[in-house]
Amino acid sequence: MYVSVFLLFIVLISLIIFENARRWIQKNFPPGPFSWPIIGNQSLLKQMARKYGSQHVAFWKLAKKYKSDVILLRLGMRNIIVVCGVAAVHKLLRSDDFDGRPWNEFIKLRNMGMRKGITMNDGMEWKDVRSWVVRTLKTVGYGKREMSTLIHDELGVILENLKRSGGGINRMKTTIAPAVINVLWTFTTGKRINEGPKLQYFNDLMERRARAFDMAGGILSTFPWIRYVAPETSGYNLLVKLNNELKDFLTVDETIYDHKKNYVPDNETNLIDMFLREMYDQKGSKYIFTEEQLLMILLDLFLAGFNTTAITLDFLFLHMVVHQDVQRKVREEIATKIGLDEFPKLEDRSK
């Protein structure tokens, strides 16, 4: 028995040394916390995220602790590089060396098993798809006067909803999010989702999906095999359910299916119709213009545009409440440059 315990101890020590050896030996490895065999820093990250309320704050605390904007974490069997700080993140985002995307089990799940779309794709296909999407969005009015008109219309709806609520709202995001969805929906489908159950369902679905997905991939990314052992407790079943709901909503529920059914050549006014034209013509790269590609493009546009815009504006209003001296200055500038009875226009941006 003593021999077995001793051997187990030796194996454990060997694993610990092996797990951390590269960081000790190679000076160019970033600093980071001590890594345990098999689990790495998974439990530490989870504890810190729970303690500080979010994962990004846990990353920031570790960066401060190790006095480095770049730190190394070990999540399961994978090395993860975390970059913090404005200068370091800016440098990373401007470098082509970091354009590639990982393709692990969690990312496959996020992308419904398809390496398509814009966000989780890379290489020549990514460049071609991204180029087509940017060009098409500009064609349908993105960044132009048409977009300004759309935003004006949605702003009118927001103000009406605020009047009806009497100002009694907890967060601006709940009021802003439907407007963000409708602007994106109009560009992609050619019409807005009217206020009602359909809009509420899609808004709720996007919220549920955002809460379910972990920034670093969570336990499914660290131990992908766990979905076979504990599909429910690992969150795998929930993610699959949300994916299926989203796929049904974007394909079956009057969206892609509806556009295919009513498609009229040479009468394309929105992104889905223009994609269908490319798909039916089959000119250029056949591997790009497929229905699966269209689904992932829509998914990427809504995932990238919905939460980011709504949360950024949510934070803006929160800061206005906290820093009321700044709020007064902003209001004075709006009153002076635009007028309190006018909606801002695209040309007012230079003011």
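Some conventions come before the details. Residues are numbered from 1 along each chain as its sequence is written, and side-chain values use heavy atoms, with hydrogens and water left out. Because the model is predicted, local features need pLDDT of at least 70 and side-chain atom pairs count only at pLDDT 80 or more, while totals for chains, interfaces and linings use all residues. Helices are DSSP runs of H or I with at least four residues, strands are runs of E with at least two, and both are numbered from the N terminus.

I start with H8, residues 173-189, and H9, residues 197-212. Their axes, which are lines fitted to C-alpha atoms over the stretch in contact, come within 10 Å and cross at roughly 105 degrees. Angles run from 0 to 180 degrees between N-to-C directions; 65 to 115 counts as roughly perpendicular, so that word applies to H8 and H9. Contact means heavy atoms within 4.5 Å. On the H8 side the contacting residues include Ile181 and Trp185, and on the H9 side they include Leu199 and Phe202.

Leu303 is in H15. Beyond its neighbours within four places in sequence, Leu303 contacts Arg110, Met206 and Arg209.

Last, the aromatic pairs. Rings of Phe, Tyr and Trp (its six-membered ring) pair if their centres lie within 6.5 Å, and planes over 60 degrees apart count as edge-to-face. The count is 10 pairs. Trp132 and Phe289 form an edge-to-face pair, at 5.7 Å centre to centre and 75 degrees between the planes. Trp132 lies in H6 and Phe289 in the loop between H14 and H15, so the pair ties together parts 157 residues apart in sequence.

Methods. Angles under 35 degrees count as roughly parallel, over 145 as roughly antiparallel, 65 to 115 as roughly perpendicular and the rest as oblique. Rings of Phe, Tyr and Trp (its six-membered ring) pair if their centres lie within 6.5 Å; planes under 30 degrees apart count as stacked, over 60 as edge-to-face and the rest as tilted.
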